[in-house]
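Welcome, and thanks for taking a look at this one.

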Amino acid sequence: MDLNYSKEELAFRDEVRGWIAENLPQDLRDKVANYEELSKEDLLRWHRILAKKGWVAPHWPVEWGGTGWGVVERYIFEEECGYAGAPPLVPFGLMMCGPVLLRFGTEAQKKRFLPRIYNGDDFWCQGYSEPGSGSDLASLKTRAERRGDRYIVNGQKIWTTLGHYADWIFCLVRTDANAAKKQEGISFLLIDMKSPGITVRPLILMDGGHEVNEVFFDDVEVPVENLVYEEGKGWTVAKYLLGYERLNTGRIGASKRELARLKEFAARQPGDDGRPILEDPRFRDKLTRVEVELAALEITNLRFLDRMRRTGQPPGAEVSLLKIKGTEIQQAITELFMQAAGPLARAVRPADGAAGFDRFTGVLAPRYCNFRKTTIYAGSNEIQRNIIAKMTLGL
Amino acid sequence: MNFDYSEEQQLLADAVRRYLAKDYGFEARKKIVASPEGWSEAVWRQLAELGLTGLPIPAEYGGFGGGAVDMIGPMEAAGEALLVEPYAATMVAARLLARAGSEAQKRAILPQVVEGRLRLAFACLERGARHDLSRIGTRARRAGDGWRLSGEKVAVVGAPAAARLVVSARTEKGASLFLVEAGETKQRPCVTLDEMRAADVLLEDTRAELLGAEGEAMPWIEEAADFATALVCAEAVGAMKYACDATLEYLKTRKQFGVPIGSFQALQHRMVDMVIATEQARSMACLAASKVDGAADACERARAVSAAKIKISDAARHVSQESVQLHGGMGMSEEMKVSHTFRRLTVIAGEWGDAEHHLARFAALEAAR
């Protein structure tokens with residue numbers, strides 16, 4: 001047994017690390033490190049830097065711009081980006097729509113959309129959840145009626161992340177209301193967000209931030225060439241997407257960076273005895289437990305990668321484990337940050353815009369609030385446990 | 001043994017609850033929070049009319065002479081409604097004044113508080129002291145007949161709405177309390193996570209009047225903090241009750257896979273654990289209040305209050321987190337009251353000392369026995 005990266009993998013890691021150090025703009029790095037809001041432009045700037053280097057979609061086939069890296073290299077790359085504090089790559093185009101088109105799209109669809117996703121020309125969002133269909137996604141009601149060479153779409157999507165930035169939305173819609181099973185009769189449509197009849201309404205989260213939306217469809221016309229795969233086979237596409245191998249679900253690199261920052265921060269915050277809270281055994285123990293949890297998750301992640309590499313099989317329910325533990329760790333870190341700041345974390349913004357307000361300390365409690373979403377989104381952790389119970393344990 | 005409230009206590013609690021249910025609904029509160037001041041003078045007048053602003057103030061100054069137990073009902077109601085007016089802040093400072101102040105000070109201020117014309121705040125937290133109220137960096141020096149204070153108090157809830165502040169500061173003789181005109185301080189007002197208004201208060205050779213005996217304030221400060229902790233414990237119970245009620249309602253009405261999600265055993269058990277935590281918290285809130293009123297000595301009082309706060313901090317965290325998780329995405333939405341209750345409970349978990357602070361305090365008190 002050897003738990004270490006090979007010499008070649010280490011050399012690859014150093015290459016990636018060195019390149020990021022030289023090419024990640026300092027202002028973006030600072031924004032990420034200080035938990036500032038990232039604008040659409042911020043997100044796209046990093047996307048385009050990676051696109052120019054040829055590293056924005058490592059998992060795509062080489063002819064579409066992929067790097068040809070193996071699973072371990074891809075994992076190393078993603079974790080190095082997180083560790084360096086690069087802005088996240090918005091997954092809807094690169095990790096979701098792109099792979100779907102590569103697997104199910106027509107040549108025309110690939111040629112039309114993939115290069116624009118790659119270069120960051122189109123910003124994508126995901127139209128899955130509906131008010132009545134969250135965990136039970138297949139019960140979705142947004143309907144698309146075929147009329148000649150177009151679909152007429154009516155309905156509503158919810159929790160549409162960054163929908164207010166998006167040029168395009170990929171949607172699950174119901175094309176056959178009379179199908180025997182609810183999973184049947186669902187289709188996968190690509191919809192231009194500029195289409196008449198689309199309304200985007202912000203949904204403000206409890207930290208006051210605007211990242212998700214409701215999207216309303218009122219007689220929206222969608223050309224039939226924007227149907228992906230066959231009509232009524234959308235669930236197959238959706239399942240492929242949900243099961244698509246996401247190696248960095250645990251976000252280990254980012255959590256490592258944040259833990260390091262937390263230690264620096266806690267070394268400057270007073271505990272009850274006046275010494276740094278970092279030296280307080282009660283705080284220290286909590287912090288250590290999170291660190292140990294993260295170390296375990298990293299090894300678990302590497303074990304899965306090693307198995308994938310050797311068997312060539314995509315990960316199954318393992319991804320659910322990574323999601324559960326990864327999000328719990330992320331939440332624990334936000335909570336420790338808030339705790340380290342103690343009573344000072346209560347003030348979240350100046351009442352009169354006055355100067356002298358400590359923005360970093362002010363963002364810690366809202367961030368703790370915001371990160372409650374991580375155990376809810378992308379398949380709640382309860383659903384992830386159901387998946388493990390069913391798929392791995394056969395319960 | 002009798003855990004029932006007296007008839008008077010019950011009547012007051014019911015009256016407060018009725019008033020808040022009628023005039024302090026989620027939408028009304030939202031408007032208040034969004035207003036420039038962030039609290040409502042009209043609501044304050046109503047609180048005074050109900051008798052709440054005189055509740056813990058001695059009868060000779062127009063109050064009702066109530067104790068912490070009398071405050072449980074109103075504070076629970078405040079927690080349920082997520083009251084943002086600086087009620088607890090004013091009551092804690094007023095009670096401290098009633099205990100430590102001179103006759104003249106009490107006559108000058110307390111009747112105005114009772115009548116709802118004056119608000120107070122207790123400025124006791126400092127940047128370098130976390131939850132330890134005895135580590136006081138603010139200095140007081142004599143100047144003629146009076147005193148001058150220099151230093152900084154942080155996150156003083158209610159300071160922007162207060163006319164007077166009770167401030168802890170150190171003289172040559174040790175920890176002391178002072179009364180300061182709020183208008184003579186420099187304040188950096190802020191909005192808190194739980195949508196209240198607070199301020200960092202800068203004292204730059206600010207005029208002050210001694211409150212109580214010089215150098216002998218620590219027992220008063222400790223007692224005020226224990227009283228305040230008992231209030232926040234009761235408030236937490238109200239907030240947790242709302243979180244439980246709202247979550248239970250959601251589990252019964254939200255359908256997925258063709259059935260209410262409350263039919264899933266995995267969620268049922270988590271709901272049950274929230275209710276158990278709230279029941280345990282309620283017991284400890286009763287204990288804290290009754291010991292603030294009737295403990296044989298300061299040590300017994302402090303032990304009970306710290307024990308209560310450990311339970312309440314843990315429960316506040318557990319219940320708030322679970323209430324959001326079981327609501328799914330809706331729990332994250334600013335449009336849902338439960339997300340605001342989450343924010344209040346998050347603050348309560350750390351207010352007047354987090355669980356870790358009170359664990360250490362409890363252990364120290366044990367060791368000293």
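## Briefing: packing in a two-chain predicted model

In chain A, helix α8 (residues 252-266) and helix α9 (residues 281-311) have axes that come within 11 Å and cross at roughly 160 degrees. An angle over 145 degrees counts as roughly antiparallel, so α8(A) runs roughly antiparallel to α9(A). Please keep in mind that this is a predicted model.

**Helix pairs in chain A**

- The crossing of α8(A) with α9(A) is left-handed.
- On the α8(A) side, the contact is made by I252(A), S255(A), K256(A), L259(A) and A266(A).
- Facing them from α9(A) are F283(A), V290(A), E291(A), L294(A), L297(A), E298(A) and N301(A).
- Sorted by class, this contact of α8(A) with α9(A) has seven nonpolar, two polar and three charged residues.
- Another pair is formed by helix α5 (residues 91-104) and helix α6 (residues 107-119) of chain A, whose axes come within 10 Å and cross at roughly 160 degrees.
- That angle makes α5(A) roughly antiparallel to α6(A), and the crossing is left-handed.
- From α5(A), the residues in this contact are G93(A), L94(A), C97(A), G98(A), L101(A) and L102(A).
- From α6(A) come Q109(A), K110(A), F113(A), L114(A) and I117(A).
- The class count for α5(A) with α6(A) is seven nonpolar, three polar and one charged.
- M95(A) also lies in helix α5 of chain A, and M95(A) is partly exposed, with 19 other C-beta atoms within 10 Å.
- The C-alpha atoms of M95(A) and A57(A) are separated by 8.0 Å, while the two residues are 38 residues apart along the chain.

**Helices α8 and α9 of chain B**

- In chain B, α8(B) and α9(B) pack at an angle of about 155 degrees, with their axes 8 Å apart.
- This makes α8(B) roughly antiparallel to α9(B), and the pair crosses in a left-handed sense.
- Their contact has 18 nonpolar, four polar and six charged residues.
- Helix α8 of chain B covers residues 265-294 and includes E279(B).
- E279(B) is partly exposed, with 14 other C-beta atoms within 10 Å.
- From the C-alpha atom of E279(B) to that of I348(B) the separation is 17 Å, for two residues 69 residues apart along the chain.

**Nonpolar cores**

- As a general point, nonpolar side chains in soluble globular proteins tend to be buried together.
- The largest nonpolar core has 155 residues, and A121(B), V166(B), F178(B), C233(B), A236(B) and A285(B) are the members that touch the most others.
- Helix α7 (residues 218-253) of chain B gives the most to this core, with 17 residues.
- A second, separate core has 58 residues, among them A51(A), I117(A), L172(A) and L227(A).
- Leaving out residues up to four places away in sequence, F178(B) touches A140(B), W147(B), L149(B), V167(B), A169(B), A208(B), E209(B), L210(B) and L211(B).

**Where the chains meet**

- The contact takes 41 residues from chain B and 39 residues from chain A.
- Seven elements of chain B each supply at least two residues to the side that touches chain A: β3 (146-157), β6 (186-192), β7 (197-211), α9 (298-327), α10 (329-332), α11 (337-350) and α12 (355-368).
- α11(B) gives the most to that side of chain B, with six residues.
- The residues on that side of chain B divide into 18 nonpolar, 14 polar and nine charged.

- Y229(A) has a phi near 65 degrees, a positive value in a residue other than glycine.
- Y229(A) is found in the loop between β8 (227-228) and α7 (234-242) of chain A, and Y229(A) counts as partly exposed, with 19 C-beta neighbours inside 10 Å.
- L82(B) has a phi near 60 degrees, again a positive value in a residue other than glycine.
- The loop that holds L82(B) lies between α4 (68-81) and α5 (87-100) of chain B.
- Is L82(B) buried or exposed? L82(B) is buried, with 24 other C-beta atoms within 10 Å.

Notes
Residues are numbered from 1 along each chain as its sequence is written. Chains are lettered from A and ligands numbered from 1 in the order in which they are written. This is a predicted model: local features need pLDDT of at least 70, side-chain atom pairs count only at pLDDT 80 or more; totals for chains, interfaces and linings use all residues. A nonpolar core is a set of buried Ala, Val, Leu, Ile, Met, Phe, Trp, Tyr and Cys residues joined through C-beta atoms within 7 Å. A residue is buried if 20 or more other C-beta atoms lie within 10 Å of its own, exposed if 12 or fewer, and partly exposed in between; C-beta atoms are placed from the backbone. Helices (H or I, at least four residues) and strands (E, at least two) are DSSP runs, numbered from the N terminus. Two residues are in contact if their C-beta atoms, placed from the backbone, lie within 7 Å. Axes are lines fitted to C-alpha atoms, for helices over the stretch in contact, and angles run from 0 to 180 degrees between N-to-C directions. Angles under 35 degrees count as roughly parallel, over 145 as roughly antiparallel, 65 to 115 as roughly perpendicular and the rest as oblique. A crossing is left-handed if the near helix is turned anticlockwise from the far one by less than a right angle, and right-handed if clockwise. Ala, Val, Leu, Ile, Met, Phe, Trp, Tyr, Cys and Pro count as nonpolar, Asp, Glu, Lys and Arg as charged, and the others, Gly among them, as polar.
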